[in-house]
Amino acid sequence: MVKIWFVLIAFLGGILGGIQAPVNSQLGKKIGSLEASFVSFFIGTLFLLLLTTFFGKGNLMQLPHVPKWQLVGGFLGACFVTFVIMAVPKIGVALTIISLIIGQMIVSMVIDHFGLFGSAKIAVNYQRLLGVAMMLVALVLIYRGTVVVK
């Protein structure tokens, strides 16, 4: 039963990401894509600073002792947000989101299969491949159904 709560939390994260994409895109139209990414991360940093200050239970003093590759997440997140801000005005929210989800699914299945970055090994099998294939079909259908109305 605990597992379903994490599925729901991830689902909520997907909803928030789906809302974030057009919000950041509109900001990008007004101030520029890189600038919008900066503002997004700056506001997110302030929010996380507050959460960490009042609710954090970890130990930031261990930061100098973590493997340096574990610090690349901020860079990857900044690229992710910037690419979304750049794509949404050109191809729309739905096509952007399905494209990034498929990219995430493919790389995550590789990570699972080989147990990369300390994750559990979960072998690629026909059900997982069929799931990605269905997502690719969805991508094609959404792509073909995308007509920009201005």
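**Briefing: a chain of five helices**

Ile9 is exposed, with a relative accessible area of 54%. That value comes from a predicted model, and Ile9 belongs to helix H1. The protein chain holds 5 helices and 0 strands.

**Chain as a whole**

- Read from the N terminus, the order of elements is α-α-α-α-α.
- The C-alpha trace spans about 50 × 45 × 30 Å along its principal axes.
- Of the 150 residues in the protein chain, 16% are buried.
- Ile9 counts as exposed because its relative accessible area of 54% lies over the 50% cut-off.

**Crossing of H1 and H3**

- Two packed helices are described by the angle between their axes and the distance between the axes.
- The axes of H1 and H3 come within 8 Å, and they cross at roughly 80 degrees.
- The two helices are therefore roughly perpendicular to each other, since the angle falls in the range of 65 to 115 degrees.
- From H1, the contact is made by Gln20, Ala21, Pro22, Asn24, Ser25, Gly28 and Lys29.
- From H3, the residues in the contact are Val81, Val84, Ile85, Val88 and Pro89.
- Sorted by class, this contact has 7 nonpolar, 4 polar and 1 charged residues.

**Asn24 in H1**

- Asn24 sits in helix H1, which covers residues 2–31.
- Is Asn24 buried or exposed? Asn24 counts as buried, because its relative accessibility is 8% and the cut-off is under 20%.
- With neighbours within four places in sequence left aside, Asn24 is in contact with Ala36, Ser40, Val81 and Ile85.
- Val81 and Ile85 are among the H3 residues that make the contact with H1.

**Aromatic pairs**

- A pair of aromatic rings is described by the distance of the centres and the angle of the planes.
- The count of aromatic pairs comes to 2.
- One of them is Phe38 with Phe42, a stacked pair with 6.1 Å centre to centre and 20 degrees between the planes.
- Both Phe38 and Phe42 lie in helix H2 (residues 33–55), where they are 4 residues apart, about one turn of the helix.
- Phe38 is exposed at a relative accessible area of 57%, whereas Phe42 is partly exposed at 46%.
- Trp69 and Phe117 also pair: the ring centres are 5.5 Å apart and the planes stand at 40 degrees, so the pair is tilted.
- Trp69 lies in the loop between H2 and helix H3 (73–91), and Phe117 in the loop between helix H4 (93–114) and helix H5 (126–144), so this pair ties together parts that are 48 residues apart in sequence.
- Trp69 is partly exposed, with a relative accessible area of 47%.
- Phe117 is exposed, with a relative accessible area of 60%.

Definitions and conventions:
Residues are numbered from 1 along each chain as its sequence is written. This is a predicted model: local features need pLDDT of at least 70, side-chain atom pairs count only at pLDDT 80 or more; totals for chains, interfaces and linings use all residues. Side-chain values use heavy atoms; hydrogens and water are left out. Buried means under 20% relative accessible area, exposed over 50%, partly exposed in between (1.4 Å probe, protein chains only). Contact means heavy atoms within 4.5 Å. Rings of Phe, Tyr and Trp (its six-membered ring) pair if their centres lie within 6.5 Å; planes under 30 degrees apart count as stacked, over 60 as edge-to-face and the rest as tilted. Axes are lines fitted to C-alpha atoms, for helices over the stretch in contact, and angles run from 0 to 180 degrees between N-to-C directions. Angles under 35 degrees count as roughly parallel, over 145 as roughly antiparallel, 65 to 115 as roughly perpendicular and the rest as oblique. Ala, Val, Leu, Ile, Met, Phe, Trp, Tyr, Cys and Pro count as nonpolar, Asp, Glu, Lys and Arg as charged, and the others, Gly among them, as polar.
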